[in-house]
Amino acid sequence: MSGTADQWWKRAVVYQIYPRSFADSDGDGIGDLPGIAARLDHLAELGVDVIWLSPVYPSPQDDAGYDISDYQDIDSTFGSLADFDALLAGVHDRGMKVVMDLVVNHTSDEHPWFVEARASKDNPKRDWYWWRPARAGMNPGDPGAEPTNWRSFFSGPTWELDPATGEYYLHLFSRKQPDLNWENPDVREAVYSMMRWWLDRGVDGFRMDVINMISKDPALPDGHPLGGGPLGDGTPHFFCGPRIHEFLQEMHREVFARYDRPILTVGEMPGVTVEEALLFTDPERREVDMVFQFEHVQLDQGATKWDLQPLRLRDLKASLGRWQAGLAERGWNSLYWNNHDQPRAVSRFGDDRQYRVRSAKLLGTVLHLHRGTPYVYQGEELGMTNAPFAAIEDFRDIESLNHYAEAIAAGHARDEVLAALRYRGRDNARTPMQWDASEHAGFTTGMPWLAVNPNHESINAEAARSDPDSVFHHYRRLIELRHTEPVVAHGDFTMRLADHEHVYAYTRRLEDVELLVVANFSGGRVTADLEDAAEWAAAELLLGNAGAPDASGGTLRLAPWEARVYKRRLAAS
Ligand code: NOJ
């Protein structure tokens, strides 16, 4: 059962597969389940414990599968339930687990529940979604007549008028993703029963999409105006809303508590604070095992994600350090740089040119040895980079396309808008997995749905697996360290040199074993002037990324993007 005393997931590393872009077995240019099944040895060799599958359910694919039209089947593009069972068996045979994506803040507008709900105002399913009339004193369809001023995550208002019934429905994301009304107990029971159906089929847990948005303030108040336009920020009224803890505890009771086997639950929670995360992940409260928080991936932005700002290492350390401290005694962190919504870590936090390999290894090292469960996003273990998108026609993601249309209509310069998309667009993460140097990188024999990054000729899994110095083998060693060194999974965490501009350093300690992780986030040489540098320089080097270390004179002098991991035993005091 999730949350048992064993807490096996503290020793686990999760690997995220984005099925559209992982491996295509039938040449239609889109990845599928048999494609994944054929590549499992790559993951077994890497040593990961759990595979999280982004959505594979039937979907019109308006938001690449995060718009589900049937929760209990597989989209024919990805295969069938029989293919799913075969994949699950293949994963279990290799001693790994499968976590499904659970997208229950919203469905697709093509889900039969919504089709019924929109049929008439008195349909029994009407109340499964959020319907409201036009703003008082206005007619449906009038500019500004939406029931609230909330802005959608995918641009424009969060309300869509349904002309047939003259009411609006709420969609925090695209208009094809209506929000479910969790106030209605029938909705909740339908979701729990669907979750049990997957667990009965043998899956090992859920990654819960925007799960901290399922409880909304039923009064639906307007939000503070956002710069410039008529729309406002609704998030205070649906991030961690009034009944969120109640709903997650109910889900735990109705679903997870019924299973006497290891289950992993991770809640994706934009805007969550450390204090709230402690409540969500305190095992005694029986909600979720861990959450995805977003603070560290928002440090390089201004008012919106498209407003690019330079990242300061001190801010990154302060943020991650605060999360380490906040969840030190109770609760648990998830650790990630990358997922299908984020640009590639090496292009964002490292140097994807001169020091690509070294900085990708540094990022893995720094992340994996924090206290928490690390997540590897497909291709991260190869040091895959952002893509060279030339024009808007090269993008596929609804978020990017909607933003582009809106920003151009508002008079922003094309080059400026494209520059932001190139840096931050989600398609960077979604370019096909680079398996080999052949045409389309061994991803497909057809035309890939999104172009393969031309750098697959040198950056690919085949080359990485055969090179002992590759990013892949470095990640393999990091994962092995978590499995073999109890201090990695269970030790405490102390940030060191918090004010240093370029050095990220911390120690981990469990009983008499202590680790030091020290990393140079810059292209210059730096010295990590720890007061106990001489002792560390003489300690056992467990892992490095830049050849034989320069530890002369008892100092820790780091080469560009160098990261080292030392281990020592403390004398009994
Ligand atoms: C978060 C998912 O990670 C993202 O890809 C999706 O667009 C939204 N939730 C809506 O489901």
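## Cavities

A cavity is a set of points, on a 1 Å grid over the protein atoms alone, where a 1.4 Å probe fits but cannot get out. Its volume is the space filled by probe spheres set on the points, which are joined across faces, edges and corners. The model is predicted, so that local features need pLDDT of at least 70 and side-chain atom pairs count only at pLDDT 80 or more, while totals for chains, interfaces and linings use all residues. Residues are numbered from 1 along each chain as its sequence is written, and side-chain values use heavy atoms, with hydrogens and water left out.

Five cavities of 30 Å³ or more are present in the structure. The second largest cavity holds about 60 Å³ of space. Its lining residues (those with an atom within 4 Å of a point) include Trp-337, Arg-344, Val-346, Leu-363, Glu-380, Met-384 and Tyr-475. Two or more lining residues come from each of α9 (345–348) and α10 (356–368). The lining comprises seven nonpolar, two polar and two charged residues; Ala, Val, Leu, Ile, Met, Phe, Trp, Tyr, Cys and Pro count as nonpolar, Asp, Glu, Lys and Arg as charged, and the others, Gly among them, as polar.

## Helices α5 and α6

Helices are DSSP runs (H or I, at least four residues) numbered from the N terminus. Helix α5 (residues 185–201) and α6 have axes that come within 10 Å and cross at roughly 45°; axes are lines fitted to C-alpha atoms over the stretch in contact, with angles from 0 to 180 degrees between N-to-C directions. The two helices are therefore oblique to each other, a class left over once angles under 35 degrees (roughly parallel), over 145 (roughly antiparallel) and 65 to 115 (roughly perpendicular) are assigned.

In contact (heavy atoms within 4.5 Å), Arg-188, Glu-189, Tyr-192, Met-195 and Arg-196 of α5 meet Phe-247, Glu-250, Met-251 and Glu-254 of α6. These residues divide into four nonpolar, no polar and five charged.

## Helices α6 and α7

The axes of α6 (residues 244–254) and α7 (residues 274–281) come within 11 Å and cross at roughly 25°. The pair is therefore roughly parallel. Ile-244, His-245 and Leu-248 in α6 meet Glu-276, Leu-279 and Phe-280 in α7, a set of four nonpolar, one polar and one charged residue.

## Helices α7 and α8

Helix α7 also packs with helix α8 (residues 313–326), at an angle of about 40° and with the axes 10 Å apart. That angle makes α7 oblique to α8. Val-274, Ala-277 and Leu-278 of α7 make the contact with Arg-322, Trp-323 and Gly-326 of α8.

Technical notes:
On a 1 Å grid over the protein atoms alone, a cavity is a set of points where a 1.4 Å probe fits but cannot get out, and a pocket is an open set with protein on both sides within 12 Å along at least five of seven lines; lining residues have an atom within 4 Å of a point.
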